[in-house]
Amino acid sequence: MGHAGRVLWLGPLVMLFAVVTLIEAADTSLRAQASAVFTPLPRDVATPEHPLTPERVHLGRLSFFDPRISVDGTVSCARCHQPTLYGTDALPRSIGAEHRTHPRHAQTVVNAAVQFVQHWRGDRTSVEDQALKSLTAPLAFGNPSFASAMAKIKAISGYAPLFARAFPREEDPITPDNWGKALGAYVRTLLTPAPFDAFLQGDDRALTTAAQTGLRTFIQTGCATCHNGVGVGGTMYQKFGVTEDYWRATGSAVVDKGRFDVTQDPADLYVFKVASLRNVAMTPPYFHDGSVATLPEAVRIMARVQLGRTLTAGEVTEIVAFLESLTGPLPVSFVTAPTLPPGAVASPPTR
């Protein structure tokens, strides 16, 4: 091959190299932007106060799926947090014991432990606190007292040795606090690393081109101002309806005052925990009251009422493509329900 031939042959390679370099630089820049506001999921979320021992996790898993502890024997955690629906129940408003309707949509239990508080209004401080208080919450398990809930557990003979192994050296390990600790330990294992996590950790191929474009749009639009951190949300409170009343955009039948009902502080009027967007494509309907059925519509409404932005159809499609990259596979221990301990609550509940 002559000199001229080599130039013609090398020219496209040089151009290709230049294009690849530019793409890599763009990817690095996008990852740098993303890494400034997002964090990959950790391998586990154990803490010194809440260790993940195999015995606690096993007990917590059984407790999660057991309806016999509720006041009417019909409600387990899995009723509102179904594995087949990515840890939700797909209802606008959940239904608790004795068919009581909850005023709000059940958020997914998956990745819940990485959030700074639990519930839409932040009235539960941790997954352990949520588990403990669910025992007597009228809209959850509905037991009249902790004592009656523990009596139900003690009536199921198979639980005694499990509590003893999970909480050794305790004279009576079947306590409300230990129930909460065990259930919390199991919930802390429900993590779903997604393609977005792999991208943050350096895998250029983890996100599609569409998802990368959507990530850039998500950041530039201002969504990441609130939806950030390891949960892509779940890190702060925010007023729902910064630029206009949220219920005008969502068509909500009831105007929920949010955290105000917990604190009675006027500054908390219409304030809610910013929802985590992990697995959001799998968990419709959306918002605290399940008032919006589709993810594209939820994206449009959020831009409108929080940022005062009217997104184009293309921008909505881009952001949705990114949000879909936040879906990760469910843990095997969650997908398959366990066989529960033998025994039954013989007597009807008393109030």
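Mentor: Let us begin with the place of Ser-134, which lies in helix α4, residues 127-134. Please bear in mind that the model is predicted.

Trainee: Is Ser-134 buried or exposed?

Mentor: Buried means under 20% relative accessible area. Ser-134 has a relative accessible area of 5%, so this residue is buried.

Trainee: Which residues does Ser-134 touch, not counting those up to four places away in sequence?

Mentor: Ser-134 touches Ala-140, Phe-141, Gly-142 and Trp-179. As for separation, Ser-134 and Gly-180 are 46 residues apart in sequence, and their C-alpha atoms are 9.1 Å apart in space.

Trainee: At what angle do helices α9 and α13 pack?

Mentor: Angles of 65 to 115 degrees count as roughly perpendicular. Helix α9 (residues 209-221) and helix α13 (residues 313-324) pack at about 110°, their axes being 7 Å apart. Therefore α9 is roughly perpendicular to α13. The contact includes Leu-215 and Phe-218 of α9, and Ile-319 and Phe-322 of α13. By class, eight nonpolar, four polar and two charged residues make up this contact.

Trainee: How many disulfides are there?

Mentor: A disulfide is a pair of cysteine sulfur atoms within 2.5 Å. By this rule, the count is zero. For Cys-80, the nearest cysteine sulfur is that of Cys-77, 8.9 Å away.

Terms used:
Residues numbered from 1 in each chain as written. Predicted model: local features only at pLDDT ≥ 70, side-chain atom pairs only at ≥ 80, totals over all residues. Heavy atoms only, no water. Axes fitted to C-alpha atoms, helices over the stretch in contact; angles between N-to-C directions. Helix = DSSP H or I, 4+ residues; strand = E, 2+ residues; numbered from the N terminus. Parallel < 35°, antiparallel > 145°, perpendicular 65-115°, else oblique. Contact = heavy atoms within 4.5 Å. Nonpolar A, V, L, I, M, F, W, Y, C, P; charged D, E, K, R; others polar. Buried < 20%, exposed > 50% of the residue type's maximum accessible area, 1.4 Å probe, protein only.
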